[in-house]
Amino acid sequence: MSDRPRDSAMSLELAEGTGPILVMCPAGDALEIYKVDRCFEVLSPDSVDPKQTDPNAPWIVRHVSGFGAGNDIVARTVLQANAFLKEATFKDTVDREKVMEAARGCRNSILECRRIAEEINAEIDRIVRKYRFLNLRGNVITSFPVYEGLHEAAGRFLLSAKQALQHAAGIINAFFGQVFTGPHYHKIRDWLNKTFSGTGFAKFIEVNEPRIK
Amino acid sequence: MRNCFEHPGEKTLEIRDFYWEAETRKTHLPTWNITGDPPGAIAKDVVAIVEFILDFVEGLIVLCAGMQTEHFPYILTRNEPPKTEMPIRYALRIDPSILSGKA
């Protein structure tokens, strides 16, 4: 039995955040620990020092997100997938790690989409308040509102939306052993209509595919 | 929309900053549209798109999981209402009819 400090048992206390730990999810080499309003990532000594060079390699806990289990995006992506994987038995072809990896990717991209959406709305609100009374001199409006960086913000939003859809394709890949790359849902639609014709899943993609181009 | 933004061709994503509409003499909030389509308010659309993508991803997880279970017949149930501290909306349960010998 090893007597290296890195191999000894550990306990940790998560002071930040509200209430108790609600759920723990595997996250690659790490473990994600959720409170209602926080997410922490715990890295084991083996993750921190995979080559085992340091007998004193520490456990590392980091606060990775201000969004916890109470956030609807977190709950309806990563935590939903995690719950299913714990609740049921799945076919051997299902790659659980990749399911969670894709779900985490979706979570991060949708959170980013929402952050940018809020940024865009806040900026428009700010401009509208600033230009509430247009300065009209004769028939000249001397200062008309401008959203500087609108194209850039819209581009960032659409990029994150695309990334979310790419990760979503990864969920299908992980559950069915497929290799769809990018958000090419017309290919996924065709595959489903060929392989799972008439199922709710095939219809779901058929209906939604035109909206995600 | 994202295709037209990334790969503009015959149709492009047209983004319009605040603008003055002569007919109504009103200032319009920023809009966007694919060439030929009616403009939509960016502020409202981005919020709706986030909700759509979230619904879509959740739907994918539910449908994929539902199709790939084995060993037992599982049924999908809805958590009503979802818990506020962790609003997961669906659960997979072994079909209770087989547990009571009715299957």
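**Figure 1. The side chain of Glu87(A) and the backbone of Leu92(B).** A polar atom of the Glu87(A) side chain lies 2.8 Å from the backbone nitrogen of Leu92(B). The model shown here and in the other figures is predicted. Glu87(A) belongs to helix H2 of chain A, which covers residues 72-87. Apart from neighbours within four places in sequence, the residues in contact with Glu87(A) are Tyr74(B), Ala91(B), Leu92(B) and Arg93(B). With a relative accessible area of 29%, Glu87(A) is partly exposed. Arg62(A) is 25 residues from Glu87(A) along the chain, and the C-alpha atoms of the two are separated by 28 Å.

**Figure 2. The cysteines Cys106(A) and Cys64(B).** Over all chains, a search of the whole structure finds 0 disulfides. A disulfide is a covalent bond between the sulfur atoms of two cysteines. For the sulfur of Cys106(A), the closest cysteine sulfur is that of Cys64(B), 11 Å away, and this is too far for a bond. A disulfide is counted here when two cysteine sulfur atoms are within 2.5 Å, so the separation of 11 Å rules out a bond between Cys106(A) and Cys64(B). Cys106(A) is buried, its relative accessible area being 0%. Cys64(B) also counts as buried, at 0% relative accessibility.

**Figure 3. An open sheet in chain B.** The sheet has 3 strands in the order E1-E4-E5, with antiparallel pairing. Its edge strands are E1 and E5 (40-41) of chain B, each of which pairs on one side only. Strands of a sheet pair through backbone hydrogen bonds, either parallel or antiparallel. Between E1(B) and strand E4 (residues 31-34) of chain B there are 4 bridges, and these two strands run antiparallel.

**Figure 4. The two faces of strand E1 in chain B.** Strand E1 spans residues 13-16 of chain B. Leu13(B) and Ile15(B) form its covered face, while Glu14(B) and Arg16(B) form the uncovered one.

Figure 5. Chain A has 6 helices and 6 strands. Read from the N terminus, its elements follow the order β-β-β-α-β-α-α-β-β-α-α-α. The C-alpha atoms of chain A fill a box of roughly 90 × 50 × 35 Å along the principal axes. Its radius of gyration is 23 Å, whereas a compact globule of 213 residues would have one near 17 Å. Of the 213 residues in chain A, 44% are buried. Among contacts between residues at least 6 apart in the sequence of chain A, 50% join residues at least 24 apart. The accessible surface of this chain comes to about 11,300 Å², and carbon and sulfur atoms account for 52% of that area.

Notes. Residues numbered from 1 in each chain as written. Chains lettered and ligands numbered in written order. Predicted model: local features only at pLDDT ≥ 70, side-chain atom pairs only at ≥ 80, totals over all residues. Heavy atoms only, no water. Buried < 20%, exposed > 50% of the residue type's maximum accessible area, 1.4 Å probe, protein only. Contact = heavy atoms within 4.5 Å. Polar contact = N/O pair within 3.5 Å; in protein donor to acceptor, adjacent residues only side chain to side chain. Pairing = 2+ DSSP bridges. Rg over C-alpha atoms; globule rule 2.2 N^0.38 Å. Areas by Shrake-Rupley, 256 points an atom, 1.4 Å probe, with all protein chains shown as cover.
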